[in-house]
Amino acid sequence: MSNSNESFANFDLVKRVKLDFTDVTVSKWRSRVTGLSVVHLDYEGALPSVLWATGADLSLAPIVNGYFVIPTEIFDDSGCPHTLEHLVFMGSQQYPYKGILDLFANRGFSNGTNAWTDTDHTAYTVSTAGEQGFLQLLPIYIDHILYPTITNAGFVTEVHHIDGKGQDSGVVYSEMQGRENTSGDLMALKMQRLLDPPGSGYRSETGGLMEALRVLTAEQIRDYHGTYYVPHNLTLIVTGKLSSGTQSLLQVAQDKIEPSIIKHHQDKGPRPTGWKRPFVETASANRQPIAQQVQEVVEFPEQDESMGELAISFVGPAPNEFLERKALDVISTYLAGSAVAPLNKEFVEIESPLCSYIYFSEDVRATRIDIPVYVGSVPTEQLEAFPAKLKVSLQRIADEGIDMDRMRVVINRDERQLKSRLESAKGDTFSSAVINDVLYGAEDGSELLASMDEMKYYEQLRNWSSEQWSTLLRKYYVDPPAVVVIGRPSAKLQEKLEKDELRRVEEQVKQLGPEGLKRAEALLEEAKDEHERPLPGGLLSTFPVPDVKSISWIPVETVQEPGSGRQVAKFASQSPSLKQQIDADGKDLPFFVEYDQVDSDFVTVHAFASLAELPNRLRPYVSPYLSAFFSLPVTRENGEKLSHEDVINRLENETVSYEVGTGMASTYTDLFRISIKVETALYETAISWLKDLLYHAKFDQERLSVVLAKIQQSLPELKRDGSTVLSSLCSNILYNERSTSRSGGVLSLTEFIPQLTKILQEKPDEVIKDFEEIRKYITKPNGLRFSVTGNVLSVSNPRSTWGKYFSLPPVPLSPVPSAAETLSDVGRKLSRTAVVMSLPTIESSFVTHSSRGIQGYDNPEYPPIRVALEVLNATESYLWRYIRGSGLAYGAYVSLDLEAGLMSFSLYRSSNSIAAFEEARKVIQGLVDGSIDLDQGTLDAAKSTIVYSVAKNVSTAGRAAVVSFTNQALKGLPQRYQIDLLEKYQAVTKDDVLAALRTYFLPLFESETSVAVVVTAPAKAESIGTSLKAEGFEVTQRAMEVDPSELEGSESESESRDGSEESHDGR
C-alpha cells in the first residue's frame, strides 16, 4: 500500500493498493489542475484469459473495461440524471453527430457503449478486446460526458415527444412507461419516501416519473449537467492490463483529456470554491435511525389479487464499517441462502409456502447503509402479519444461537466463490467496491484497501462466536424498528390506470387539435431529420481498426474419449501431453468423456443426457425434476442414506457451485445437464456426487410437494413479465410436444403444475413412478456424455475415477438432439400465422416475427448473415436509429437460431410495435434497393464488433474450456471454429451482406413467409391485430387467463427484483 508523492504530469498518486490474495494492484490518481480522478485496477502475471500479443509478452488481459462514474444527486422526480445519461450519447462538442461514439467504439473491438443511472450515481461503460481501441475511444467518450450537445432534437426523440396521433413517446418515456406502475418500482419509490426526510436526494425517482417527463425541458437538463458533470466530480475507473501499465492510461488523460478541460476553463483543481460533495456533504447525509415501526400499503395493478410482495428495510452500519457489512452479507446467506437455511425451511420449503423467496440486500448510502429484505409471492391474507412473523423467527434464531458448523460451511463456500470470481473476472470483481469508494469513501483513498480486503474479513469472521453472530442479528434485524412497504395487487387499479390513460390522451388530443398534432408530428420529423445528417467523409476512418491477427488466444488442451468401439469426432483435437497423462491412468472407458484442460484452481464435471427418447407425456415433468434435483434424499453409492438437508449441506461444504438445467448457453435444450465445480483436490468428490444425484436420489412425496408448491407460487411473477410470456408463447407456437423448452415455458407450466400437484396428493405412487421413468431415460447409456473442464493436469486419476463410479455398457452413442427436429407444423411452414396475447400487467408491447433461416453451425452461408446481423443490431446502427432513436421501442434486434434454423425480428418494450415493424422493413428494404446506403465504415464496425463478441466468449479459462467442449462434443466443430471464422468475416463484402439481407431478412416482414407473435397491453391488442390482418396475417387474439383456483402474484414487467438498488439502464 502506498501514499507517496509520486506524480505523472498533472496527476498525483492518491493511493496505491496491492491486494495480497490476488494479482490485482489498484492505483488512484487525481489531477491537481482539473480534479479529474483516475483509478486503474491492474493485473500482474499470466492470466487465464485471451491474451493480447505484444511481442514476447503474453501476460496481458484482453478485455479492458471502463466505468466512468459521476455522483448524481437530484431533489425532484424530473428524471434529469436518467435523461442526461441518454443525451450524452447524442453527440459532443468535438463530435456533434448522433451515435458517433458507438460507431467509433464498434470499430475498436467493442460491442458499443452503455450506461446506467442509479439512485446516487450515473456510470458510463465500455469494454474492448485489447487496449488499443479502448485508449483511442477514451478521450472521445469523455468529450461526450463533459461536453455533450444536448440539442432540442435529441430531447425530442430520446426523452419525450408527442406523435401525430397524440401519443406520448420517446426512448426514456417508453422505458419509464414500462416500469412506473410495476410492483417493484412503486414499492421502491414508497420506501425511498419513507426512509429519508424531505430535502434528501435519496427520495427522488432518478429515472423520472412520466408526469414529470411530460413537462421536462432540455434547458433543465443542461442546467443539471452544468452542476454535476464537472471534472472534479468524474472518476475514470479502468480494469485490465495495459501494455505500459497505468502510464498508458495517464498519458491519454494528460495529452487528450486535460487540455480540453483546461480549454473549457474548468481547471479549478480538485475542490473548487463552493463545491459540495454530492450526498456526503449535502442534506442527503442526514440519515437518522428509524424512529418507530412504519408499515404502509402500496397497490399495484394486477387482476390476480391473491398474492402480494413485501419490502422490509432496516438501517445498517456506516458505509466504511466493512467487517460489519461483510458479516451482514454472511449472516444473510446463512439465514436464506439455500433450501436448508432456517428462514427458507420455515417460510418457503413447506407444502403451503408463505412466500416464494426471502432475499437480504444492501444499498450503500451516506452515513448509514440500508439493509432491505425482499419477500416475494406472499398470500395477500398473510401480508399484514408476515413482518411480525419474520421478526419472531429472527429473534428465535438469535436466542437459540447460530449453528457454527453450518456457519463455517457458509464462510468457506463464500470464500471459494470469491476465488472463482477473481479467476474469471480479476479486478472487475471489485468494480462495485471502487464505485462505492468514489461515492462515499475517504477522498485520500485511505478506505480503498479496506473496501476490497474480503479475505481478511473471512479470516476474522471464522473466529466469531455464536453469541457475536446473535448480537449482530439483534443489533440490525431484531431490536430496531423497520420500514415495511406492502405491495398489494389491485384489479381496480389496473382498470383505473387504463381508463385514466385513455382519458388523458383523449384530452391531450383535444387540447392540441388538428393543427397542434400536425406541429407535433412536424417537430418529431425535424428532429429525426437532424439526426440523419450524414457524417463528414472520412471521419470514421480517423479511428483505426486494430489488427485481428494481433490477438493470441488462450490455449485449451483437449482429449476426447468417445467410448469403446466409437470414433473420435471428425474435428476433435487430441493434445499429446494431456493424452499421455490420461492414457497412463487405467484402461479405456466404454462411455464418452471429453477433457478440456486450462490453467485454473478449479475443475468442473458435467453430465449431458439426451431427452430425445423421453415420452411426450413425461416432458412437462422435466421442469419440476430440475427444481427438485439437488434437494431430494439420496442413498449414496456406499449405502449411506442422506436426507435432503444432508445433501444440500454437503454440497455447500464441498463445492464451489452446482447447477442443473437443459442445454448449454440456450442451445441444445433437449439435453439434460448437471454441472458441479470444485477445487481440483475434490475431483473424485464431484464425480461421486454426479453419480449419486443422477442414479440414487429418492423421489419423496413430501419433497416433491414442496417443490411443486414453490413452482406454482413463482409462476405469477413470471406471468407478469412480457418477455417471459412472449418466449413461452413463441415456443408453444413454433415447437411441438417433443420440445423440452416448450414444456418448460410459463404458459405450459401454468396449466401443468396444478394438475400434477393434484395427482401427487391423490395418487402419489403414480407421480413417483413417472419421475423414476424419467430417470431411466436420462441415464440411458446411449445418450450420456461427460465433460471435464478446468485444470485436468492437476487432478489425480482423471480417467479411472470415472470408471470407479460409472459402469456403462459399450452401446452406440445417439446423436445430439436438435431443436430443428421438434418444430411444429407452424414452425416448419412459417406462413401467415399471427397470435396477439393481451397481458394486463404491461403497458408496452413485446414482439417476435420469425421466418426461415439457415440451419447448422457449420453452414457456409453463416459469415455474411452474421455480419448482416451486426450491421443491423449494433448500437447506433440502423435498427437503433430508425426504431429506438424514434422512440418506437426500447429495444429492436434481429437474430438467427442456427440450431432450429429460424430468423427472428424482435421488439422489446415497444410503445408502437406496428410503426416499429414498418420502420424495420423500410430500413432493410432500403438497404437492399440502395435507397439507404451501407457504407464501408459500418461494415468495418460490424466486423470489429464480432471480434469483441468472439473474444469475450472465450475471455476466461472457464469459458474457453466450455466452448472447446461445446464445439467438439455437441456441435461437431473444430475447437477454434469461431476464432477461425474471423478471417472469413473479414472477407465478407458489401454485396454479400446485401444478398443476405435480401434472402434471409426481408422474408421476416412478409406475412407469406413469417409468423408473428405479440404480447401487449389489453388496450393495444385490437389495433395491433387489425394492423397485422392488413399485412395479410391470420390473427388469433388471446388473453392471459387467470384461474381462480390458483391465483398467485408477484412482480410485474419490471426487471426481476434482485435486491439491488433501482437503476435505469439507458442503453
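**Entry 1: domains.** I began with two domain centres: the C-alpha centres of domain 1 and domain 2 lie 31 Å apart. I then checked what each side brings to their contact, and found 28 residues from domain 1 and 26 residues from domain 2. For the bounds, I noted that the domain assignment puts domain 1 at 283-489, domain 2 at 558-807 and domain 3 at 823-1044. A reminder to myself: this is a predicted model.

**Entry 2: what the record says.** I looked up UniProt next. An unreviewed entry there places "domain: Peptidase M16 N-terminal" at residues 77-152. In the model, I see that the end C-alpha atoms of residues 77-152 lie 21 Å apart, and that this span is 43% helix and 24% strand. The unreviewed UniProt entry also carries "domain: Peptidase M16 C-terminal", covering residues 216-407. For residues 216-407 I get 52 Å between the end C-alpha atoms, with 36% helix and 19% strand.

**Entry 3: a pair of helices.** How do α30 and α36 cross? I found that their axes come within 9 Å and cross at roughly 90°, so I can call α30 and α36 roughly perpendicular to each other. I listed who meets whom: Pro864, Ile865, Val867, Ala868, Leu869 and Leu872 from α30 meet Asp992, Val993, Ala996, Leu997, Tyr1000 and Phe1001 from α36. Sorted by class, this contact of α30 with α36 has 11 nonpolar residues, no polar ones and 1 charged.

**Entry 4: helix α35.** I turned to α35, residues 977-986, and asked which of its residues are buried. They are Tyr977, Ile979, Leu981, Leu982 and Tyr985. I followed these buried residues of α35 to their packing partners, which are α30 (862-873), α33 (936-953) and α34 (957-971). So α30 turns up again, since it packs with α35 and also meets α36, and it belongs in both entries because its axis is roughly perpendicular to that of α36.

**Entry 5: one residue up close.** I picked glutamate 654, which sits in helix α21 (residues 644-654). Is glutamate 654 buried, partly exposed or exposed? Its relative accessible area is 22%, so I wrote down partly exposed; buried would need under 20%. Leaving out residues up to four places away in sequence, I find glutamate 654 touching Arg416, Val678, Leu682, Thr685 and Trp689.

Key: Residues are numbered from 1 along each chain as its sequence is written. This is a predicted model: local features need pLDDT of at least 70, side-chain atom pairs count only at pLDDT 80 or more; totals for chains, interfaces and linings use all residues. Side-chain values use heavy atoms; hydrogens and water are left out. Buried means under 20% relative accessible area, exposed over 50%, partly exposed in between (1.4 Å probe, protein chains only). Helices (H or I, at least four residues) and strands (E, at least two) are DSSP runs, numbered from the N terminus. Contact means heavy atoms within 4.5 Å. Axes are lines fitted to C-alpha atoms, for helices over the stretch in contact, and angles run from 0 to 180 degrees between N-to-C directions. Angles under 35 degrees count as roughly parallel, over 145 as roughly antiparallel, 65 to 115 as roughly perpendicular and the rest as oblique. Ala, Val, Leu, Ile, Met, Phe, Trp, Tyr, Cys and Pro count as nonpolar, Asp, Glu, Lys and Arg as charged, and the others, Gly among them, as polar. UniProt positions are given in the numbering used here, feature names are shortened, and annotations may be inferred rather than shown by experiment. Domain bounds come from an automatic or database domain assignment.
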